Amino acid sequence: MGPSWDDLKVFLAVARQGSLSAAGAALKLDPATAGRRVARLEEAFGAALFLKSPQGYALTGAGERLMPHAEAAEQAMSHGEDAVRGQGDRLSGVVRLGAPDGCANYLLPQVLAGIVAAHPGLEVQLVALPRVFNLNRREADMAIGVSAPEAGRLTVQKIVDYQLVLAASRRYLARVPPIRSLADLRGHPMIGYIPEMIFDKELDYLGDLGVERPALASNSVAVQYNMARQGAGLAVAHDFALPGDAEMVRVLPEAFSLTRGFYLIRHADDARVRRLSGFAELLVAGMRRQMARVREALTEGVGSVDAGSGKQKA
């Protein structure tokens with residue numbers, strides 16, 4: 001009897017996660033069951049597929065040779081699932097999306113809520129982490145990045161541009177002298193990334209403000225934003241976080257802004273999977289619509305500070 005798809009699925013999970021416990025958690029199996037599945041697969045092939053050590057599981061030569069064939073079986077199962085479920089225009093099944101935490105906190109909730117409402121059979125899992133996702137290890141079905149990867153069998157689509165802006169809370173600005181120019185920023189506590197934990201060069205921006213190290217720092221931009229919201233100082237924030245937040249306002253809008261972009265990154269082999277391609281299309285369109293609303297709100301002057309007078313606009 002040849003290897004089963006269930007055993008190959010465990011093999012892929014262990015190869016990507018590097019341990020039985022992590023693979024079991026991803027597949028909702030206990031580690032002992034995952035271990036038995038791997039042992040059964042190794043017995044079927046008559047070869048060791050993993051090197052086991054205290055550091056985890058690493059593929060042997062035989063395991064590396066099996067990997068592309070197991071991934072091909074995974075793709076075939078996805079196509080089959082789509083063929084069976086893909087009746088009509090509605091999407092169903094599970095999609096796991098990875099995204100930077102700023103995008104995940106302030107932009108994607110509105111977008112994903114609309115997608116799931118229109119496709120009740122679809123389960124969307126949003127993994128929000130302040131780092132680059134490893135799609136080759138299937139940490140997610142697709143990911144949003146702040147720069148386009150240069151290697152791997154991936155497809156990359158530019159989604160939309162956004163602005164990084166200087167922002168502070170009303171309570172902070174009420175107790176400090178007016179900020180009329182970038183020179184006035186001297187002496188103000190700046191909030192930013194922990195320098196050693198900046199995960200993408202596009203986020204290394206405090207140097208543009210003449211700041212070597214922030215007074216308050218976090219690896220999470222959402223935490224940085226909330227520090228500023230509590231009146232701890234000034235932060236570089238995503239423009240899409242500001243509309244609807246009555247406490248946070250933009251500072252020196254004419255003097256400082258940085259344009260950045262979001263990119264949708266996918267496995268090249270997933271283009272034919274209807275569930276994933278349909279979701280990707282809805283995601284890109286939804287993010288673009290949401291950013292258009294953000295730009296409209298910011299154009300109306302909501303949440304900014306007049307650079308010349310230091311007075312806040314309503």
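User: Before we start, what is a nonpolar core here?
Analyst: A nonpolar core is a set of buried Ala, Val, Leu, Ile, Met, Phe, Trp, Tyr and Cys residues joined through side-chain atoms within 4.5 Å. The model discussed here is a predicted one.

User: How many residues has the largest nonpolar core, and which have the most contacts inside it?
Analyst: The largest nonpolar core has 66 residues. Those with the most contacts inside it are Ile144, Phe262, Phe279, Leu283 and Met287.

User: And what lies apart from it?
Analyst: Another core, of 17 residues, lies apart from the largest one. Leu20, Val38, Leu49 and Phe50 are among its residues.

User: Back to phenylalanine 279. Which residues does it touch?
Analyst: Leaving aside residues up to four places away in sequence, phenylalanine 279 touches Leu91, Val95, Leu97, Leu112, Ile115, Leu122, Val124 and Met142.

User: What about glycine 278: where does it lie, and is it buried or exposed?
Analyst: Glycine 278 lies in helix 9, which spans residues 274-299. It counts as buried because its relative accessibility is 18%, and buried means under 20%.

User: How far is its C-alpha atom from that of leucine 91? What is the gap along the chain?
Analyst: The two C-alpha atoms are separated by 7.2 Å, while glycine 278 and leucine 91 are 187 residues apart along the chain.

User: Let us turn to helix 6. Which of its residues are buried?
Analyst: In helix 6 (residues 108-118), the buried residues are Leu108, Val111, Leu112 and Ile115. Seen down the helix axis, they fall within an arc of 90 degrees, so they line one face of helix 6.

User: What do they pack against?
Analyst: The buried residues of helix 6 pack against strand 3 (93-99), helix 5 (101-106), strand 4 (122-128), strand 5 (142-145) and helix 9. Two of these buried residues, Leu112 and Ile115, are also touched by phenylalanine 279.

User: New topic: strand 9. Why is it described as largely enclosed?
Analyst: Five of the five residues of strand 9 (residues 234-238) are buried, so this strand is largely enclosed by the rest of the structure.

User: Which strands pair with it, and in what sense?
Analyst: Strand 6 (residues 154-169) pairs with strand 9 in the antiparallel sense over four bridges. Strand 7 (residues 190-192) pairs with strand 9 in the parallel sense over two bridges.

User: Which residues of strand 9 face valine 165 and isoleucine 191?
Analyst: Valine 165 stands opposite alanine 237, whereas the bridge partner of isoleucine 191 is alanine 235.

User: How many aromatic pairs does the structure hold?
Analyst: It holds six aromatic pairs. One of them joins tyrosine 106 and tyrosine 225: their ring centres are 5.1 Å apart and their planes at 50 degrees, so the pair is tilted.

User: Where do those two tyrosines lie? Buried or exposed?
Analyst: Tyrosine 106 is in helix 5 and tyrosine 225 in helix 8 (residues 221-229), so placed that the pair links distant parts of the chain, 119 residues apart. Tyrosine 106 counts as buried at 17% relative accessibility, and tyrosine 225 is buried with a relative accessible area of 5%.

User: And the pair of phenylalanine 240 and phenylalanine 262: how far apart are the ring centres?
Analyst: The ring centres of phenylalanine 240 and phenylalanine 262 are 5.9 Å apart and the planes lie at 45 degrees, so this pair is tilted. Phenylalanine 240 lies in the loop between strand 9 and strand 10 (248-250) and phenylalanine 262 in strand 11 (residues 257-267), so the pair ties together parts that are 22 residues apart in sequence. Phenylalanine 240 is buried, with a relative accessible area of 4%, and phenylalanine 262 is buried, at 1%.

User: Which residues form an aromatic cluster?
Analyst: Phe11, Phe50 and Tyr57 form one aromatic cluster.

Key:
Residues are numbered from 1 along each chain as its sequence is written. This is a predicted model: local features need pLDDT of at least 70, side-chain atom pairs count only at pLDDT 80 or more; totals for chains, interfaces and linings use all residues. Side-chain values use heavy atoms; hydrogens and water are left out. Buried means under 20% relative accessible area, exposed over 50%, partly exposed in between (1.4 Å probe, protein chains only). The arc is that of the directions from the helix axis to the C-beta atoms. Contact means heavy atoms within 4.5 Å. Two strands pair if DSSP finds at least two bridges between them. Rings of Phe, Tyr and Trp (its six-membered ring) pair if their centres lie within 6.5 Å; planes under 30 degrees apart count as stacked, over 60 as edge-to-face and the rest as tilted.
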